[in-house]
Amino acid sequence: MPKQKSHKGAKARFKVTSTGKIRRRRVGLNHFLGKKTSSRKRKLGSTTVVAAADTKRVRRMLGE
C-alpha cells in the first residue's frame with residue numbers, strides 16, 4: 001500500500017514547533033488595512049497556536 005501524502009496547502013500554512021504545538025498565521029492582514037489601527041495590525045502580524053479542537057485534523061493533514 002502506498003504512503004499517505006501530506007496536504008500541501010496545510011504544509012504551507014502550519015508549522016510544528018519543537019515542543020509539538022502547531023503554529024499558524026493570524027487572519028485579517030491582507031486587505032482593508034486602512035481602517036485597522038496600527039496596534040491591531042501589529043498584533044495580527046504575529047503567529048498563534050492552533051486551537052485544541054483543530055489540532056487532530058491539522059496533524060492528519062500534515063501527515064503526522
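The following legends describe close-up views of a predicted model.

**Figure 1. The open sheet of three strands.**
The 3 strands form an open sheet in the order β1-β2-β3, with antiparallel pairing.

**Figure 2. The hairpin of β1 and β2, with Lys15 and Gly20.**
Strands β1 and β2 form a hairpin, and 5 residues lie between them. Within the turn, Gly20 has a positive phi of about 100°. Lys15 belongs to strand β1 and stands opposite Arg23 in β2. Beyond its neighbours up to four places away in sequence, Lys15 touches Lys21, Ile22 and Arg23. Lys15 is classed as exposed because its relative accessible area is 52%, and the threshold for that class is over 50%.

Thr48 is found in strand β3, where Arg24 stands opposite Thr48. When residues up to four places away in sequence are not counted, Thr48 touches Ile22, Arg23, Arg24 and Arg26. The relative accessibility of Thr48 is 18%, and Thr48 therefore counts as buried, the limit for that class being under 20%.

**Figure 3. The largest nonpolar core.**
In soluble globular proteins, nonpolar side chains tend to be buried together. The largest nonpolar core in this model has 5 residues, namely Ala10, Ile22, Val50, Val58 and Leu62. Val58, one of these core residues, is in contact with Phe14, Ile22 and Val50 once its neighbours within four places in sequence are left aside. Ile22, also part of the core, is among the residues touched by Lys15 and among those touched by Thr48.

Lys36 is placed in the loop between β2 (22–25) and α2 (38–44).

**Figure 4. Phe32 and its positive phi.**
Phe32 lies in the loop between β2 and α2. Most residues other than glycine have a negative phi. Phe32 is not a glycine, yet has a positive phi of about 55°. The relative accessible area of Phe32 is 58%, and Phe32 is therefore exposed.

**Figure 5. The salt bridges of the model.**
The structure holds 2 salt bridges. In one, Asp54 is joined to Arg57, and the closest N and O atoms are 3.2 Å apart. Asp54 counts as partly exposed because its relative accessibility is 30%. In the other, Arg59 is joined to Glu64, with the closest N and O atoms 2.8 Å apart. Are Arg59 and Glu64 buried, partly exposed or exposed? Arg59 is partly exposed, with a relative accessible area of 28%, whereas Glu64 is exposed, with a relative accessible area of 57%.

Lys3 is placed in the segment before α1 (8–13). With a relative accessibility of 80%, Lys3 counts as exposed. Lys15 is 12 residues from Lys3 along the chain, and the C-alpha atoms of the two residues are separated by 21 Å.

Key:
Residues numbered from 1 in each chain as written. Predicted model: local features only at pLDDT ≥ 70, side-chain atom pairs only at ≥ 80, totals over all residues. Heavy atoms only, no water. Helix = DSSP H or I, 4+ residues; strand = E, 2+ residues; numbered from the N terminus. Core = buried A, V, L, I, M, F, W, Y, C linked by side-chain atoms within 4.5 Å. Buried < 20%, exposed > 50% of the residue type's maximum accessible area, 1.4 Å probe, protein only. Contact = heavy atoms within 4.5 Å. Pairing = 2+ DSSP bridges. Salt bridge = Lys/Arg side-chain N within 4 Å of Asp/Glu carboxyl O.
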